[in-house]
Amino acid sequence: MNYLSVENISKSYGERVLFEDISFGINKDQKIAFIAKNGTGKTSILNIITGNDSPDTGQVVSRKDLRIAYLSQTDKLDASQTIEEAIFSSDNPILKIIHQYEQALKNPDDSEAYQKAFDLMDQHQAWDFETQYNQILFKLKLEDLSLKVSDLSGGQRKRLSLAIILISKPDLLILDEPTNHLDLEMIEWLENYFKKEKITLFMVTHDRYFLERVCNEIIELDDGKLYNYKGNYSYYLEKKEERIAIAQTTIGKAKNLFKKELDWMRRQPKARTTKSKSRIDDFYKIKEQASQRRKDHQVQLEINMERLGSKVLELHNISKSFDKKVVLDKFEYVFKRGERIGIIGKNGTGKSTFLNMITGKIPVDTGKVVVGETIKFGYYTQSGIRVKEGQKVIEVIKEFGEYIPLAKGQKISAGGLLERFLFDRKKQYDYVEKLSGGELKRLYLCTVLIQNPNFLILDEPTNDLDVLTLNVLESFLLDYPGNLLVVSHDRYFMDKIVDHLFVFEQDGLITDFPGNYSDYRVYEDSQPSKTETPALKTTSNNQKTSTPQKEKLSYNEKQEFRQLEKDIAKLEKQKSKIEQQFIDNNIESEKIDEVSQELQQIINTISEKEERWLELSMKME
């Protein structure tokens with residue numbers, strides 16, 4: 001069933017054309033993600049669909065009585081209301097019945113009002129709805145309905161806006177970056193909710209695991225054209241690569257034909273026949289096709305940053321509290337050169353405070369932060385960039401640096417860095433006030449990187465960035481040779497660029513986990529319960545009583561431990577050798593099954609030996 005059709009819509013702001021003649025449809029039960037670069041009009045399209053803006057040309061046709069709910073990046077909550085009032089101000093009739101019933105529960109002496117409310121709940125089968133309603137509020141941590149909207153933090157307001165649209169049960173749900181400002185626990189809950197619910201979604205999101213696990217169709221706007229992919233994010237990546245490869249082949253053929261036709265054009269006399277004129281017209285079409293260029297950028301930089309000394313950053317028993325809330329309790333850590341650490345934890349556990357203490361923006365209560373003499377921090381904060389009125393993009397970045405030095409005496413200029421982060425030469429001379437929110441974030445990143453730091457600190461760098469920019473940023477960070485410390489709720493991003501995690505718990509406890517986010521989730525899911533979870537390497541002194549005391553290894557165990565390390569290394573080499581045979585197609589077809597079984601046996605043996613190695617290592621002091 002078709003819910004909504006977008007027919008040939010266009011939108012411009014002055015001379016700037018966002019998009020032209022865009023058409024697509026949304027059908028019942030589809031879960032569609034819309035992907036495009038920042039500044040190409042994603043939010044404008046959402047506003048047009050929801051009636052908050054109008055197209056210059058074209059129209060949006062929707063089914064009669066279609067109920068649409070829209071989660072925008074800027075909430076429209078009434079600051080004078082309580083959470084309860086904000087939720088029940090919806091025009092959903094079932095919500096009004098639930099509200100009437102809950103009010104009746106508060107006045108048990110009025111038996112008549114209670115009976116009437118009870119009958120209405122029965123009549124409209126509202127009991128299941130009420131259960132879901134309470135579950136949503138609980139999961140989004142909105143149990144205190146008496147709180148005023150004006151007293152809520154940005155994250156709480158986002159959760160309230162999300163709760164209102166989920167509770168309203170619309171036919172079509174439009175979402176603009178729904179995971180922004182949510183912590184990982186809530187993102188995973190929302191992901192599972194959308195996976196199991198029969199709900200029609202049209203969303204813009206940069207969260208690629210969200211795209212992978214929730215969406216069943218992706219629409220991409222690329223260079224003014226729409227491309228539909230009937231599958232999740234992995235399918236989209238595969239088919240997009242195929243499309244680009246075909247396009248490159250077509251362009252290559254066009255270039256060869258163009259050279260032949262150019263030679264013919266130069267040989268022709270001025271008098272032309274009708275047949276010649278037709279060929280000339282075709283020549284110009286071929287010329288246009290041959291001159292196409294893709295604007296994708298592959299970042300492969302050998303950055304020549306300032307050398308990291310033997311002392312990088314040392315944290316000695318640092319603590320921090322706000323009133324009675326303990327954010328950090330006697331935390332100790334000595335950073336090694338080239339470490340890439342991710343920071344995760346619920347909102348309010350002190351992640352940003354930790355970064356501000358490291359960089360000296362706020363003082364520690366006790367303890368000491370020792371920064372190496374050669375360390376140059378590059379700090380990307382959530383507060384964003386402040387620019388002067390009337391500045392152009394290129395002028396902003398040049399205030400921070402003219403170039404980044406590369407290996408072998410080469411360098412990348414400010415303009416070159418902007419190009420790599422998808423600001424073409426024309427865009428570099430636009431006024432900053434013309435940029436979208438995502439483009440401003442991208443520019444801010446460039447101002448941090450152009451300073452060529454050797455210790456890069458990123459606080460939620462993926463918020464408001466499109467998927468294409470995230471791929472560019474990841475490529476840059478994978479080439480980055482310095483230390484990296486990053487706070488992010490983007491699980492895909494964290495998995496790709498960090499080596500281990502600081503997990504921020506409550507009451508100032510931090511756990512150092514030796515792996516990426518997916519490894520951590522597997523570990524967490526394998527534990528019987530939170531209370532029975534054996535402690536990892538903890539860094540908070542006041543938790544030592546709950547940490548199992550490590551035992552010394554016996555002589556035989558020490559011998560076993562050393563042998564395990566040798567065995568694992570040997571097995572890894574065997575595994576790599578077999579995998580390379582598959583990559584190089586060096587296996588005879590009749591032996592593929594036999595070699596596959598051998599490879600699986602090696603993998604299983606490695607897993608068993610690693611488990612035993614981990615068990616012994618946990619006992620070592």
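The model is predicted. Helix 3 and helix 5 pack with their axes 10 Å apart. The structure also holds two cavities of 30 Å³ or more.

**Helix 3 and helix 5**

- Helix 3 spans residues 93-105, and helix 5 spans residues 127-139.
- The two helices pack at an angle of about 85 degrees.
- Helix 3 is therefore roughly perpendicular to helix 5, because angles of 65 to 115 degrees count as such.
- Helix 3 makes the contact through I94, L95, I98, Y101 and E102.
- Helix 5 contributes W127, F129, E130, Y133 and N134.
- By class, this contact has seven nonpolar, one polar and two charged residues.

**Largest cavity**

- The lining consists of F34, I35, A36, K42, E177, V204, T205, H206, L465, D466 and V467.
- Six of these lining residues are nonpolar, two are polar and three are charged.
- Domain 1 (1-67 + 170-231) gives residues to the lining, and so does domain 3 (313-525).
- The largest cavity therefore lies between domain 1 and domain 3.

**Second largest cavity**

- The second largest cavity has a volume of about 40 Å³.
- I303, I404, L449, N452, P453, F476 and Y480 form its lining.
- By class, the lining of the second largest cavity has six nonpolar residues and one polar residue.

Conventions
Residues numbered from 1 in each chain as written. Predicted model: local features only at pLDDT ≥ 70, side-chain atom pairs only at ≥ 80, totals over all residues. Heavy atoms only, no water. Axes fitted to C-alpha atoms, helices over the stretch in contact; angles between N-to-C directions. Helix = DSSP H or I, 4+ residues; strand = E, 2+ residues; numbered from the N terminus. Parallel < 35°, antiparallel > 145°, perpendicular 65-115°, else oblique. Contact = heavy atoms within 4.5 Å. Nonpolar A, V, L, I, M, F, W, Y, C, P; charged D, E, K, R; others polar. 1 Å grid on protein atoms, 1.4 Å probe; cavity = no way out; pocket = protein on both sides within 12 Å on 5 of 7 lines; lining within 4 Å. Points joined across faces, edges and corners; volume = space filled by probe spheres on them. Domains from an automatic or database assignment.
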